[in-house]
Amino acid sequence: MKKRMIMLAMLLFAASAYAQEPQLPHKVDNVELEDLYGEKITLPMWGEKNLLIFYIDPDKHKQNYQFTVDLEENHAASGDNIYGFGIVNLKDSWYPVPNSTIRSMARKRTEKNGATVITDPNRILAEKWGLGDCNNKFVLMIVSKEGELVYMKKGELSEADQKEFYEVVKKYR
């Protein structure tokens, strides 16, 4: 009985740690992920520019679609001091296709729009940065040149979330 109680307590602690959101700003380190060909790569422009990161579960790639279209069209996050790119969270995908197929689909799309996209095959970024649960979520983040996660929102962005994002990103463009 005592062993069961200890195991239950450990499971509850692990679950709460996984779901917990980091306090912002939150110091983070560059991580090694993979490019769209499966080659090792670190985050681009780390320490040189502020980073606007779209960390996306492929299952929810259309979540916040209109927001991202508007963001691209109005250039509200563009500037000399910020660099934006996407990271595909492959580990949380339920797609019954291999990661290589998802990478191939992303390569075709980036050939058209010129976007920088890398992949996270093992939830490395979420775990090392303590992001909590990112499954089925579009995660929008800003990391300063100094390596601090200064902004993060997950899931469908409300109008208030979008307004807040535009106010925060002004400081980092």
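This is a predicted model: local features need pLDDT of at least 70, side-chain atom pairs count only at pLDDT 80 or more; totals for chains, interfaces and linings use all residues.
## Largest pocket

The volume of the largest pocket is about 1200 Å³. Its lining comprises 35 residues, of which Phe 54, Arg 109, Asn 113, Ala 115 and Val 117 are the closest to the centre. Strand 4 (50-56), helix 2 (65-74), strand 5 and helix 3 are the elements that give two or more residues to the lining. Strand 5 supplies the largest share, with 7 residues.

Sorted by class, the lining of the largest pocket holds 20 nonpolar, 11 polar and 4 charged residues.

## Salt bridges

Over the whole structure, 8 salt bridges are found. One of them joins Asp 92 and Arg 123, with 2.6 Å between the closest N and O atoms. Asp 92 is in the loop between strand 5 (82-89) and helix 3 (99-113), while Arg 123 is in the loop between strand 6 (117-120) and helix 4 (124-128), so this pair ties together parts that are 31 residues apart in sequence. Asp 92 is buried, at 9% relative accessible area, and Arg 123 also counts as buried, at 16%.

Glu 34 and Lys 40 form another salt bridge, in which the closest N and O atoms are 3.5 Å apart. Glu 34 counts as buried because its relative accessibility is 13%, under the 20% limit. Lys 40, in contrast, is exposed, with a relative accessible area of 56%. Together with Arg 103, Glu 34 and Lys 40 are linked in a network of salt bridges.

A further salt bridge is formed by the side chains of Lys 170 and Glu 167, at 3.2 Å from N to O. Both residues belong to helix 5 (residues 159-170), where a spacing of 3 residues separates them by about one helical turn. Lys 170 is exposed, with 51% relative accessible area, and Glu 167 is partly exposed, with 47%.

## Backbone features

The peptide bond from Leu 24 to Pro 25 is cis, and its omega is near -5 degrees. Pro 25 is located in the loop between helix 1 (2-19) and strand 1 (26-27).

Positive phi values occur at two residues described here, His 75 and Arg 123. For His 75, which is not a glycine, phi is near 55 degrees; this residue is in the loop between helix 2 and strand 5. For Arg 123, also not a glycine, phi is about 60 degrees. The loop between strand 6 and helix 4 holds Arg 123, the residue that forms the salt bridge with Asp 92.

How values were computed:
Residues are numbered from 1 along each chain as its sequence is written. Side-chain values use heavy atoms; hydrogens and water are left out. A salt bridge is a side-chain nitrogen of Lys or Arg within 4 Å of a carboxyl oxygen of Asp or Glu. Buried means under 20% relative accessible area, exposed over 50%, partly exposed in between (1.4 Å probe, protein chains only). Helices (H or I, at least four residues) and strands (E, at least two) are DSSP runs, numbered from the N terminus. On a 1 Å grid over the protein atoms alone, a cavity is a set of points where a 1.4 Å probe fits but cannot get out, and a pocket is an open set with protein on both sides within 12 Å along at least five of seven lines; lining residues have an atom within 4 Å of a point. Grid points are joined across faces, edges and corners, and a volume is the space filled by probe spheres set on the points. Ala, Val, Leu, Ile, Met, Phe, Trp, Tyr, Cys and Pro count as nonpolar, Asp, Glu, Lys and Arg as charged, and the others, Gly among them, as polar.
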